[in-house]
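Hello,

Here is the structure I said I would pass on.

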Amino acid sequence: MYRYDPYDQKIVNERVAQFRDQTRRYLAGELTDEEFRPLRLQNGLYIQRHAPMLRVAVPYGLLSSTQVRKMAHIARTYDKGYAHITTRQNVQFNWPELKLVPEILAELATVEMHAIQTSGACIRNITSDPFAGVAGDELIDPRPWGEILRQWSTFHPEFAFLPRKFKIAINGAREDRAVIQCHDIGLELKRDAAGEIGFRVLVGGGMGRTPVIGAEISAFVPWQHIITYCEAILRVYNRYGRRDNLYKARIKILVKALGIDEFRRQVEEEWVFGKNGPNTLTEAEVARVAGHFTTPAYESLPADDAGYVSQRAANPAFAAWTRRNVLAHKVPGYAVVVVSLKDPSRAPGDVTDVQLDLVADWADTYSFGEIRATHEQNLVLADVKQSELFALWEKARAANLATPTFGLLTDIICCPGGDFCSLANAKSIPIANAIQARFDDLDYLYDIGDIELNISGCMNSCGHHHVGHIGVLGVDKNGEEWYQVSLGGSQGNHTSIGKVIGRSFAAAEMPDVVSKIINVYLAQRQDGERFIETVRRTGLDPFKLGVYGEAAVKERKQNA
Amino acid sequence: MPKIIKNGQLIDDEARILILDESQAPEELTLAAGPVFVPFAVWQAHSGQLSGRADLGVWLDSHEDVAELVPDLGSIAAIAINFPKFTDGRAYSAAALLRTRYGFKGEIRAIGDVLRDQFFFMQRCGFDAIQPKVGKYSDAQLEEALASLKDFSAPYQAAVDQPEPLFRRAQRAA
Ligand code: HEM
Ligand code: SF4
């Protein structure tokens, strides 16, 4: 993975010093709340319900075991013994003390980590495919490009005060695993007819209050020009994006208002000036960065390890875990392991200091010392030998990190919601836990199969509810917490925004509502159809009927 | 006398920023002598007689397009760009455009809600003069704030102050 050279280290060290001084001036009353706000946000520091929350950047989701041990140390020393993996592959600490944050940042800097631009109206942490480098369907490794763009966007002087946050995601495989269609800029690595690398560029996607799927602004930007092209997009946005209304300030609103063709015209007009300028990438720089993402020293192994085959046959619990949480690796004899953070007794995405230390140890023992964070709020060990899966599973199971539900109904994406977040309309974690408790029968979950259930505590959509096959959104009705349900959302190559099925529900109703939805699916499903495919085929009507009953649906239709 | 930052140093500066109130029509204004920045509307109304005055600058608000000044750049000594709020980042693009696209060599001054924690970005985008609001900082505080111009010693990306990105400036170890 990428290791800092003295330049990278210096920038991060200088950031720590800068923020230390800013915090000192704030605490001394020299900076007002309003003046300090964007400064702390651009360091990932929110003031939320109970305490500040610190969001630490995990560029393109990649971590070393050393970094994970440092996270464990921070959770133990400055927090309540746990951390949270976010839907943008970052790590959050929920309880640090404001005056200690400079100390935390100094500790992070010693392991090449920081909290730069993890919040605020600037270019945020760049996310990518958690299976980069090991997935069979990968065309081009996105990680070097993620690092190149990380460096370019870090403290970009022109784009530190954009109209609103700006999120970039990169994918380099056949299947999109980075939600690129719902980002301000979505980049798809590809090759042109001559075999040259470049990017298909999407712009103006996003979730939040107004969910929008990104539009293609360019079918192919050659790699040399990707920085200048992004700069052209950002300059047009910085100058003309709306600043009068927070809810209309994202680039998606500008793109909608102008239309993609006019927006493209303005970007191309701007690009004429930057293209071929000094920010044009060089082969030497790309080679330097790519040189950090080397192929590990894989052994040559048989495609199917005999021991692994017999362990699966002998142990149904192990077999169940391998069926869901172990994925194919492009190298024979190796596997990709999803370390589940969806133990039903914890908030989705939460991980304790002890667990973090263990995962770091396993990474060293089994997976070349690297860990990935996924936007679905799990961890990944990407390079495990099949012959070692059983040993790893036994350890993970003992640590409650082997919930065998990856990609199933209870592998819920969930924002912190009302338990932590001051913007929330409703709590989200208890809803997730209640659904997990209802669906605790593994055979039943396996029968239901691949499905994504995503929960956000408010319209800001931090829990990606718009793209959940089942989306749950916390809404406020006269000061009470209610939940609106949508169906048919989807991430990946067939990204779509879910549609609301009808009136919202009280928290206590939610497990029943999900049960009813699942029952409709099981009754309607045709052979081998996944949940989302059934919803697409049948539309929402049978689900409305199943959830609200015939009388209610009729009444609604009459009133409509 | 009020102090501003010019090319990284504190200097005395007595230029006024002329702000029209609702009742003042730019056409009818008569300008007193002495260093001053006039609003773009005043410049447009009087450019013939103001043109070439060495103690006179033009100020733009963050929503005004720098491109409109381009025909006059040769006869303007200084341009100020207003930050109505420090979180309004349009002025960064405006300054960068003036320097890189339009080749403006005169002073570009940051005015309005100008705070020390943004000095570094301002300087990188081509502002060579920085004028916090009167009373925002004491002289001693402003002296101290000069340190913010040096927050980062080797930035990654190309900008006005450093037209080559780090990957072209430095031999970085693989
Ligand atoms: C105190 C905690 C948090 C606050 C105050 C907060 C605030 C917000 C706001 C205001 C938005 C909407 C932005 C917009 O539409 O322009 C948003 C979007 C988002 N947040 Fe959060 N958030 C918090 C925690 C989180 C966490 C923990 C995660 C990950 C689990 C997260 C991930 C996201 C994502 C993925 C989006 C959607 C981005 C998009 O609209 O494209 N946030 N957040
Ligand atoms: S979706 Fe709403 S409730 Fe949930 S974390 Fe985001 S802002 Fe908070």
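The notes below cover the interface between the chains and then the ligand site.

This is a predicted model, in which local features need pLDDT of at least 70 and side-chain atom pairs count only at pLDDT 80 or more, while totals for chains, interfaces and linings use all residues. Residues are numbered from 1 along each chain as its sequence is written, chains are lettered from A and ligands numbered from 1 in the order in which they are written, and side-chain values use heavy atoms, with hydrogens and water left out.

Interface

Chain A puts 46 residues into the contact and chain B puts in 40 (contact means heavy atoms within 4.5 Å). About 3900 Å² is buried between the two chains, with carbon and sulfur atoms giving 55% of it; buried area is the accessible area (1.4 Å probe) that two parts lose on being put together, summed over both. On the chain A side, the residues losing the most area to chain B are P157(A), F161(A) and R239(A), together 18% of what that side buries.

R239(A) also forms a salt bridge with D65(B), side chain to side chain, at 2.8 Å from N to O. The count of salt bridges between chain A and chain B is 9 (a side-chain nitrogen of Lys or Arg within 4 Å of a carboxyl oxygen of Asp or Glu). There are also 21 residue pairs in polar contact between the chains, both residues at pLDDT 80 or more. A polar contact is a pair of N or O atoms within 3.5 Å; within protein, one must be able to donate a hydrogen and the other to accept it, and residues adjacent in sequence count only if both atoms are side-chain atoms.

In chain A, α1 (6-27), α2 (33-41), α5 (143-153), α6 (226-240), α8 (260-274) and α9 (283-290) each supply at least two residues of the side that touches chain B. The largest share, 11 residues, comes from α1(A). Helices (H or I, at least four residues) and strands (E, at least two) are DSSP runs, numbered from the N terminus.

Ligand 1

Of the 23 residues around ligand 1, those that come nearest include R250(A) and C462(A) (near: a heavy atom within 4 Å). A polar side-chain atom of R250(A) lies 3.0 Å from an oxygen atom of the ligand, and a backbone N or O atom of M207(A) lies 3.2 Å from a ligand oxygen.

What does the protein donate to the iron atom of ligand 1? The single protein donor is SG of C462(A), 2.2 Å away (donors are N, O and S atoms within 2.8 Å of the metal, or 3.2 Å for Na, K and Ca; water is not among the atoms, so sites may look incomplete). C462(A) sits in the loop between β17 (453-456) and β18 (470-477) of chain A.

Regards
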